[in-house]
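The following questions and answers set values beside definitions. Please look at the sequence and the structure first.

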Amino acid sequence: METVNSNIKPQFKYLNKIFYSLFVITGTWFLFERDFGEAVIFGGLALIFDPFNPRISFGKRHVYQRIWLIIHLIITFSLIVLEFLAK
């Protein structure tokens with residue numbers, strides 16, 4: 001695994017993880033409220049905030065990280081389908 005030295009300031013180091021978690025929690029809330037449109041929006045926006053090291057390319061990441069992000073993407077696309085079927 002390639003080690004990357006990052007010049008990210010310590011107070012911003014975990015900002016992506018915090019925003020990712022907040023968007024996933026909010027999307028999950030809307031999912032339980034059966035508002036699939038909002039759940040799709042927050043689920044998709046959560047992927048912008050990569051919870052892992054964004055400086056490492058997708059192909060060089062650990063397998064569990066790639067699986068995590070692919071499952072998240074599949075869930076988001078599934079919610080898009082649910083949104084169209086719910087109407």
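Residues 24 or more positions apart account for 58% of the contacts in the protein chain with a separation of 6 or more, where contact means heavy atoms within 4.5 Å. This is a predicted model, in which local features need pLDDT of at least 70 and side-chain atom pairs count only at pLDDT 80 or more, while totals for chains, interfaces and linings use all residues. Residues are numbered from 1 along each chain as its sequence is written, and side-chain values use heavy atoms, with hydrogens and water left out.

Q: Why is Val 40 called buried?
A: Buried means under 20% relative accessible area, exposed over 50%, and partly exposed in between (1.4 Å probe, protein chains only). Val 40 has a relative accessible area of 16%, and therefore Val 40 is buried. This residue is found in helix H2. Leaving aside neighbours within four places in sequence, Val 40 is in contact with Thr 76, Leu 79 and Ile 80. Of the 87 residues of the protein chain, 21% count as buried.

Q: Why does Arg 34 count as exposed?
A: The relative accessibility of Arg 34 is 63%, so Arg 34 counts as exposed. Arg 34 lies in the loop between H1 and H2. Its phi is near 60 degrees, a positive value in a residue other than glycine.

Q: What makes H1 roughly antiparallel to H2?
A: The axes of H1 and H2 come within 8 Å and cross at roughly 165 degrees. Therefore H1 is roughly antiparallel to H2. Angles under 35 degrees count as roughly parallel, over 145 as roughly antiparallel, 65 to 115 as roughly perpendicular and the rest as oblique. Axes are lines fitted to C-alpha atoms, for helices over the stretch in contact, and angles run from 0 to 180 degrees between N-to-C directions.

Q: Why is H2 called roughly antiparallel to H3?
A: The axes of H2 and H3 cross at roughly 160 degrees and come within 9 Å. H2 is therefore roughly antiparallel to H3. Among the residues that make the contact are Val 40 of H2 and Thr 76 of H3.

Q: How do you know that the span of H3 is close to the expected one?
A: Helix H3 (residues 63-86) has 24 residues and reaches 34 Å from its first C-alpha to its last, close to the 34 Å expected at 1.5 Å a residue. The expected span of a helix is 1.5 Å times one less than its number of residues. The buried residues of H3 are Gln 65, Leu 69, His 72, Thr 76 and Leu 79, and what covers them includes helix H1 (15-32) and helix H2 (36-46).

Q: What makes the pair Asp 50 and Arg 61 a salt bridge?
A: The side chains of Asp 50 and Arg 61 meet at 2.4 Å, N to O. A salt bridge is a side-chain nitrogen of Lys or Arg within 4 Å of a carboxyl oxygen of Asp or Glu, so this pair is one. Both Asp 50 and Arg 61 are buried. The structure holds one salt bridge.

How values were computed:
Helices (H or I, at least four residues) and strands (E, at least two) are DSSP runs, numbered from the N terminus.
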